[in-house]
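Colleague: I've got a model open and I'd like to learn how to read it with you. Could we start with how helices pack, then move on to the rest?

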Amino acid sequence: MALTGLLLIGFLLMHMFGNFKMFLGEEAFNHYAGWLKGETPDGGILYPIMPAGAFIWVFRTVLVAAVLLHVYSALTLWQRAKAATPSAYQAKRTLSQTYSARTMRWGGVILAGVLIFHLAQFTVHSALTAGSFGATYADSPYKMFVGEFQQWWMVALYAIWMATVAMHVRHGFWSAFATLGANTSPKAHTVLNACAWAVAILLYIGFIFAPVAVLFGWIH
Ligand code: HEM
């Protein structure tokens with residue numbers, strides 16, 4: 001759970017930095033999107049170590065494997081927790097658990113649900129039609145990004161989704177390092193907690209920045 005979670009947080013940080021390229025203009029963003037898929041004249045990322053276009057599939061395979069292992073670990077833990085408390089408690093009292101910690105399971109399910117929408121919106125649909133929901137963007141990922149986030153409700157949906165992502169990451173980051181043995185003293189506890197908040201806030205602001213910029217017309 002911890003290792004796959006940290007790998008996925010690493011992916012989120014890369015994805016967030018990649019999205020900042022929206023602020024550099026259409027050419028820069030489209031070059032970046034094409035480079036990741038091996039579509040640029042230089043053969044793209046990791047060419048010639050790998051054939052052009054191979055890296056994205058290796059990357060996707062690792063990501064899907066990490067997500068599947070993460071979900072499998074969650075289900076196993078869920079099962080074990082249930083087995084450890086076979087009968088319902090008379091009184092259910094939550095002892096010093098944060099909101100994020102209490103919502104890891106259902107928060108994770110909601111996060112995954114919107115992720116399927118996200119991939120359908122940007123990856124699958126655009127690969128099939130060079131467009132996104134309801135529109136065609138003539139194979140420009142930049143125009144697709146702008147077109148989608150000119151709709152206020154789409155920005156609202158992503159703002160809510162990113163809140164579930166940030167909360168999940170806040171508790172997950174903390175938990176992962178505790179599992180790996182970093183929570184060794186009250187001071188380490190405080191530092192870990194601060195780092196977990198910092199990563200979660202960075203991801204929230206970093207991700208929602210470009211969609212909000214589109215909505216306000218700073219990026220068009
Ligand atoms: C405000 C938040 C986000 C925005 C604006 C955004 C934007 C995008 C865009 C535009 C693409 C397509 C890029 C292209 O085809 O060139 C994409 C792909 C993707 N996004 Fe996001 N994203 C966001 C959040 C997330 C989050 C939170 C996750 C994971 C939990 C995620 C996972 C992915 C994945 C897995 C892909 C597909 C990569 C591939 O094609 O292999 N995204 N995103």
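Colleague: Which residues of H6 meet H8?

Modeller: Keep in mind that this is a predicted model. On the H6 side you have Phe145, Val146 and Phe149, and they meet Pro211, Val214 and Leu215 of H8. By class, that contact of H6 with H8 has 6 nonpolar residues, with no polar and no charged ones.

Colleague: How do I put the geometry of such a pair into words?

Modeller: Two packed helices are described by the angle between their axes and the distance between those axes. Here, the axes of H6 and H8 come within 8 Å and cross at roughly 70°. Angles of 65 to 115 degrees count as roughly perpendicular, so H6 and H8 are roughly perpendicular to each other.

Colleague: Okay, on to the cores. Which residues have the most contacts inside the largest nonpolar core?

Modeller: Met162, Val165, Ala166, Val169, Phe173, Ala200 and Leu203 do, in a core of 14 residues. H7 and H8 each supply at least two residues of this core, and H7 gives the most, with 9 residues. There's also a second, separate core of 10 residues, which includes Tyr142, Met144, Phe149 and Ile219.

Colleague: What does Phe173 touch, leaving out residues up to four places away in sequence?

Modeller: Phe173 touches Ile9, Cys195, Ala196 and Val199.

Colleague: And the ligand? How many residues surround it?

Modeller: 22 residues do, and the closest are Ala33, Phe122, Thr123, Pro141 and Phe207. The elements giving two or more residues to that shell are H1 (2–19), H3 (54–84), H5 (104–129), H6 (141–149), H7 (152–179) and H8 (186–215), each of them a helix. H5 has the largest share, 6 residues.

Colleague: How do the residues of the shell divide by class?

Modeller: Into 16 nonpolar, 5 polar and 1 charged.

Colleague: Let's zoom out. How many helices and strands are in the protein chain?

Modeller: There are 8 helices and 2 strands. Walk from the N terminus and the elements run α-α-α-α-α-β-β-α-α-α.

Colleague: What share of the residues counts as buried?

Modeller: 19% of the 220 residues in the protein chain. For contacts, take those between residues at least 6 apart in sequence: 58% of them join residues at least 24 apart.

How values were computed:
Residues are numbered from 1 along each chain as its sequence is written. This is a predicted model: local features need pLDDT of at least 70, side-chain atom pairs count only at pLDDT 80 or more; totals for chains, interfaces and linings use all residues. A residue is near a molecule or strand if its C-beta atom, placed from the backbone, lies within 6 Å of it. Helices (H or I, at least four residues) and strands (E, at least two) are DSSP runs, numbered from the N terminus. Ala, Val, Leu, Ile, Met, Phe, Trp, Tyr, Cys and Pro count as nonpolar, Asp, Glu, Lys and Arg as charged, and the others, Gly among them, as polar. A nonpolar core is a set of buried Ala, Val, Leu, Ile, Met, Phe, Trp, Tyr and Cys residues joined through C-beta atoms within 7 Å. A residue is buried if 20 or more other C-beta atoms lie within 10 Å of its own, exposed if 12 or fewer, and partly exposed in between; C-beta atoms are placed from the backbone. Two residues are in contact if their C-beta atoms, placed from the backbone, lie within 7 Å. Axes are lines fitted to C-alpha atoms, for helices over the stretch in contact, and angles run from 0 to 180 degrees between N-to-C directions. Angles under 35 degrees count as roughly parallel, over 145 as roughly antiparallel, 65 to 115 as roughly perpendicular and the rest as oblique.
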